[in-house]
Structure formats: structure tokens, C-alpha cells
Amino acid sequence: AIRASPEKLVVRQPRVDPLFNELTTATKNSEESGHRETLLIALFGAIKGGGSKMSDGVRANVGALLVGLLGADEDVVRRAAGRCAGALAAVGDGLNSLLNTFLDVNPVDNWMICHGRNVALSVALATNLSAVFSKEREGEILKIVSSRIQMDRVSVSLSALSCASHLLRNEDSRDRSRVLISSTQVPFLVFQ
């Protein structure tokens with residue numbers, strides 16, 4: 001219900017920037033994780049419904065907030081921010097800059113940042129597979145997903161497996177001349 005209201009509201013509005021500004025400001029100012037999660041769920045719905053109508057400046061502000069929350073200490077906030085960031089990457093012109101963030105492999109990153117990035121990548125793959133898993137990025141994505149599957153944190157491994165499942169699930173729905181990832185590659189991904 002929280003997500004559905006903004007999603008339906010934004011579809012009917014010609015100007016969506018004020019709603020995104022309000023949700024962004026409220027999320028920044030929120031101290032309590034439950035409240036912040038609720039605001040992020042509302043933001044997710046707004047992005048799904050009207051993310052393509054967002055101005056570039058507002059998109060940059062929302063993106064900066066979400067990237068900052070991908071490493072949040074609270075699991076619920078990190079997952080909600082990851083869903084929002086993945087949805088934002090799938091609409092409009094934000095794909096390349098956000099995708100570079102999701103695919104950043106910094107050895108000093110803690111497991112929470114990897115988990116948040118995996119959630120975001122998973123949502124981006126589920127939402128706009130053809131744009132995210134392009135020929136230019138497919139090797140990089142497979143390498144990162146494979147390395148994150150093998151990490152010692154369960155939440156990081158499971159979210160990386162979610163990314164791999166989107167690639168497998170969409171194998172049949174795509175052009176057969178370009179198989180994304182075949183079932184014979186799964187052991188390579190998991191046990192490399």
C-alpha cells in the first residue's frame with residue numbers, strides 16, 4: 001500500500017520533482033531505520049511510476065542519497081536503498097553512472113556495501129536486463145557476480161545469486177542467438 005500510492009500518484013502528475021524532493025529530504029533527515037525504510041519504499045514506488053519524468057538535478061540528488069545508503073548499517077535500509085537504486089538505474093539516463101557504482105570492486109569495501117550493490121544490481125537486471133547486461137558489460141558483470149557469490153557473508157552471496165538467477169531466468173525470453181548465461185555456466189559462476 002505504501003509503494004502503490006506514490007506509484008499511482010506520479011503517473012498522473014505532470015511535475016514529479018516536488019514529490020521526489022520531499023521523499024529525498026525526509027529520508028535524509030530520518031534518524032529511525034523503520035521510518036527511513038518506509039520512505040524508501042514510497043520512493044521506490046514513485047521511481048517505478050514516474051522516474052522517467054524526473055529532472056536531471058533531482059535524479060542526481062536521489063541517486064547520491066541512494067548510493068550513500070547502499071552501505072547503511074541497518075539491513076532493511078540497505079535493501080530498500082538497493083531496490084530504489086536498481087529501479088532508478090533502469091529508468092531514464094541514470095544507467096551508466098549508477099551501474100558503475102554497482103560494479104565497483106574496491107577491496108576495502110566492507111560486506112555491507114557489497115550487499116547493497118548486489119541488491120541494486122539485481123533489481124536493475126530484473127527491471128531492464130537488455131540495457132544492463134549489454135555486450136560491453138557482460139564479462140564484467142559475470143566476473144563480479146561470480147566473485148560476490150563466493151564471499152563469506154551469506155547476505156552478499158544470496159544477493160549475488162539473485163543477480164545470477166535473473167540472468168538464468170531471462171535466458172529463454174531473449175534472442176536465442178545470444179544466450180546470456182547457460183545452465184552449464186552455473187557451476188563456473190558458483191565454484192570458480
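**Reading the model**

Modeller: The structure holds zero disulfides. Keep in mind that this is a predicted model.

Biologist: How many sulfur atoms must pair up, and within what distance, for a disulfide to be counted?

Modeller: The test is a pair of cysteine sulfur atoms within 2.5 Å, and the count of such pairs here is zero. Two cysteines are worth a look for their surroundings. Cys114 has 8% relative accessibility and therefore counts as buried. Cys163 is at 0% and also counts as buried.

Biologist: What is the cut-off behind that word "buried"?

Modeller: Buried means under 20% relative accessible area, and exposed means over 50%; values in between are called partly exposed. In this chain of 192 residues, 47% count as buried.

Biologist: How do I check the length of a helix, taking helix 2 as the case?

Modeller: Work out the expected span, then compare it with the distance between the end C-alpha atoms. Helix 2 covers residues 17–29, which is 13 residues, and at 1.5 Å a residue it should span 18 Å. Its end C-alpha atoms are 18 Å apart, so the two values agree.

Biologist: Which residues of helix 2 are buried?

Modeller: They are Phe20, Leu23, Thr24 and Thr27. Looking down the axis of helix 2, these buried residues fall within an arc of 100°, so they line one face of the helix. On the face turned away from that buried side, helix 2 carries the exposed residues Glu22 and Asn29.

Biologist: How does helix 5 read by the length check?

Modeller: Helix 5 has 16 residues and reaches 23 Å from its first C-alpha to its last, close to the 22 Å expected. Its burial is another matter to read: helix 5 is mostly covered, with 12 of its 16 residues buried. Among them are Val77, Arg78, Cys84 and Leu88, along with several alanines such as Ala80 and Ala81.

Biologist: Now for charges. How many salt bridges are there?

Modeller: The cut-off is a side-chain nitrogen of Lys or Arg within 4 Å of a carboxyl oxygen of Asp or Glu. By that rule the count is four.

Biologist: Where in the chain is the pair of Arg79 and Asp75?

Modeller: Both are in helix 5 (residues 75–90), four residues apart, so about one helical turn separates them. Arg79 is partly exposed, with a relative accessible area of 32%, and Asp75 is partly exposed at 32%.

Biologist: Which parts of the chain does the pair of Arg117 and Asp104 tie together?

Modeller: The side chains of Arg117 and Asp104 meet in a salt bridge of 3.6 Å, N to O. Arg117 lies in helix 7 (residues 111–127) and Asp104 in the loop between helix 6 (95–102) and helix 7, so the pair ties together parts 13 residues apart in sequence. Arg117 is buried, with a relative accessible area of 10%, whereas Asp104 is partly exposed at 34%.

Biologist: Are Arg137 and Glu140 buried or partly exposed?

Modeller: Arg137 is buried, with a relative accessible area of 14%, while Glu140 is partly exposed at 36%. Their side chains meet in a salt bridge of 3.9 Å, N to O. Salt bridges can also share partners, and those that do join Asp75, Arg78 and Arg79 into one network.

Biologist: Last, the surface. Which residues make a nonpolar patch?

Modeller: Val154, Leu158 and Leu161 make a nonpolar surface patch of about 280 Å². Leu161 lies in helix 10 (residues 154–169). Its relative accessibility is 36%, so Leu161 counts as partly exposed.

Key:
Residues numbered from 1 in each chain as written. Predicted model: local features only at pLDDT ≥ 70, side-chain atom pairs only at ≥ 80, totals over all residues. Heavy atoms only, no water. Helix = DSSP H or I, 4+ residues; strand = E, 2+ residues; numbered from the N terminus. Expected span 1.5 Å × (residues − 1). Buried < 20%, exposed > 50% of the residue type's maximum accessible area, 1.4 Å probe, protein only. Arc of directions from axis to C-beta. Patch = residues over 30% accessible without salt bridge, like charges linked within 9 Å, V, L, I, M, F, W, Y side chains within 5 Å. Areas by Shrake-Rupley, 256 points an atom, 1.4 Å probe, with all protein chains shown as cover.
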